[in-house]
Amino acid sequence: MNSSSKSSFELEERFKRLLTRPTDEIETKHRIWEDAGLDNLTQKDLDVLVAKDMNALTHTDREEILQELHGVGDAIEETPEFILQHRLLLDAELSTLASRWSSKTGAFERARQQNFAYVSSEDFQLMFLRATKWDVKDAATRMTAFFETKEQLFGTSKLTQRIEMSDLSKEDRKTLESGFIQLLPVRDSAGRAVLAVMIPLITYKEIENLKRAYFYLNMVALEDVETQRKGMISVGFNMGQSRRVDRRAVFSLHTTHSVLPLRLASAHYSFDDLTLRVMLAFFMLLANVAMRVRIRSHYGDPKSVLYQLSTYGIPVSSLPIADDGESKSKYHRQWVKLRAEEERQRNFGRLVGASLVVIPGRLDVLLGRGKPIQEHIGNLRYLALLDTYQYEYQILKKFEKQALCDRIVDMVEGYGGRFLKQEYAGWVRVDHVVARDKVAHALRTRIAISASGKADAPQETMGSNSKLSPKDEASGRVHPSLSEKPSTRSTESLALTDPPSPQPNLAKSTELLGSNKWNDETPAAEHKLKRQKNEEYGRMD
C-alpha cells in the first residue's frame, strides 16, 4: 500500500470513528464531542468526505443537489390526487408506528388524544410531507419526533397549540432578540426563504433557551406555504471580533432542526479565521449524507465571502453583516417587537380574516420606500413594466389612464405578483382599487422624474405604505428589515405619507420634484405655498 492509499485509508477510518459516536447519550446529557481530531481536519479532508458522499449518489441525485445549491431547482407539483394519495399513506404509516408503542411515540399519542383534528389536518400533515420530499416513512418518523421535542420544550399542554412569543420565557426572549437567527425579508433566486445564523451573537443562559428560540422562529417561517414547498437555505456567519467556537450550540441547533417540518435545501458557513473551521467540521459530521453534500464553506474577508454567496443566488444585500464582518441585529430586534404586537392583536381578535404574508414572494410588489424595497426583484420587474407604458399614460385622457392602470394591475397579478403593504411584522395584500391608485402615482412620479432630467433623484415609485399600527402611525415606522436609516429627517417624515389625490400639473410637479430645495431646510411657509400650488395644478387637470 503506497503512502497516498494509506493516507486515504486512515482518513476514511478516522471519519468512520467520528461518525459512529453515541449521539443519543450525548443528546441526553448535553455533552459535546471533544475529539481533538476535529481541530486538525483540513479543508482538503472535508472535501474528501463530501466527494465520497457525492460519488455514492446516483447521477440524477447529484444533478438535483447541484441545481438546488445554485437556486435553480423546481418544487414538486402538488395535484389534489397526489396530495390525497400521500396523506392516506402517511395515516397508515402513523397507525403502524402507534401500534408499536414506544417512548418515542408517546407524545404523538398524547397529541392525538388532545386534539385529533389538529394532528390529522391537511395543513399540518403537508408540512411534514413537503419537508421530507413526500417520503411517507420519513414524514411519519419526523412527526413523532416533532411532538416529542415540542413536549420537552413547551410542555404537554402546548402539544397541539401554536407556539407564540408569549410561550417563551424571559431568557428565551433574550436569546431570540440577540439576533443569532434572523429570517430575511426577501427570498433567494429560487424563491426560498433565507435564515441567517449569526454565530457571534449566540446568547443563552441554558441550552433550552437556544432550542426554544430556534423552534419558534422556524415555525413562524413555516406559516408561509411557499417556504414549505420550496424549503429554506441557511447562511451562517462566524466573522469579526466576536467570532467564536461553540460546539454545544451547533449540536443543539442541529438536533432541534432535525425534527422540524422544514427542508433545508442548502447550508453555507462563512468564516474569516482558519481556526474556526472546526465548527464547519463539527456541523458536517453531525449531518447525514443527504445534508452533508449540501453544505458549502466560504473563507475570506466579508467582501469576498458575499461575492461567493451571491453566485448561489443568495440576496447578499439583505444579509445582516457589516463591512467589517460584524453581525447586525437592529432590524431583527424591531421585527421581534412587531411580531409580538401582531400576535397580541390576533389573540384579541383584531386580525381575524387577515392573511399576513411572512416573506414576500419574488414577483410581489412592495409598497413603500427605501433602497431594499427598490431593489426587491418583484419591484424591479414592476418598474420595467411601468416604463413600457409610461409614454402611453402621458397622452391618455383621465378615464383612459384609469383603464390602463387597471390593466397593469391585472398584468402583475397575471404573472403571479401581489401588491403588498406592511402590516406589523408581515405584509398584507391590498385590494384592486388601492393597487390601481399606486400604479397611477408611480407612473406620474416616473414621468415627472424623467422630464426633470434627474435620473438619480429619489423615486417614490411604489407609492405610500399603510401604517403598521395606531402607535406606529404617529412614528412613521416601516417594516424594520426592509427599511434603512434615512439620511435626512424629511425622508423619515415622508416614509409613510400618502401622495396627494389630485394629479399635479406635469411641468410644475417636475419643477418641484427636481428641486433641491424640497427638504427640511425649506421654511415652513414655503412648504405650505408649494403644497397649495401643487393642489391648484391638480384641480386644473
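**Aromatic pairs, cores and a helix contact**

A search of the whole structure finds 13 aromatic pairs, a pair being rings of Phe, Tyr or Trp (its six-membered ring) with centres within 6.5 Å. This is a predicted model, in which local features need pLDDT of at least 70 and side-chain atom pairs count only at pLDDT 80 or more, while totals for chains, interfaces and linings use all residues. Residues are numbered from 1 along each chain as its sequence is written, and side-chain values use heavy atoms, with hydrogens and water left out.

The ring centres of F146 and F215 lie 5.5 Å apart with planes at 25°, so this pair is stacked (planes under 30 degrees apart; over 60 is edge-to-face and the rest tilted). F146 belongs to helix α10 (residues 136-154) and F215 to helix α12, 69 residues apart; helices are DSSP runs of H or I, at least four residues, numbered from the N terminus. F146 counts as buried because its relative accessibility is 1%, where buried means under 20% relative accessible area with a 1.4 Å probe, protein chains only. F215, at 0%, is buried too. Y269 and F271 form another stacked pair, 5.2 Å centre to centre with 20° between the planes, and both residues are buried.

The largest nonpolar core has 100 residues, of which M143, F147, F180 and F237 touch the most other members. Such a core is a set of buried Ala, Val, Leu, Ile, Met, Phe, Trp, Tyr and Cys residues joined through side-chain atoms within 4.5 Å. Helix α12 (residues 207-221) gives the largest share of this core, 10 residues. Apart from it lies another core of 21 residues, including V365 and L386.

Notes
Buried < 20%, exposed > 50% of the residue type's maximum accessible area, 1.4 Å probe, protein only. Helix = DSSP H or I, 4+ residues; strand = E, 2+ residues; numbered from the N terminus.
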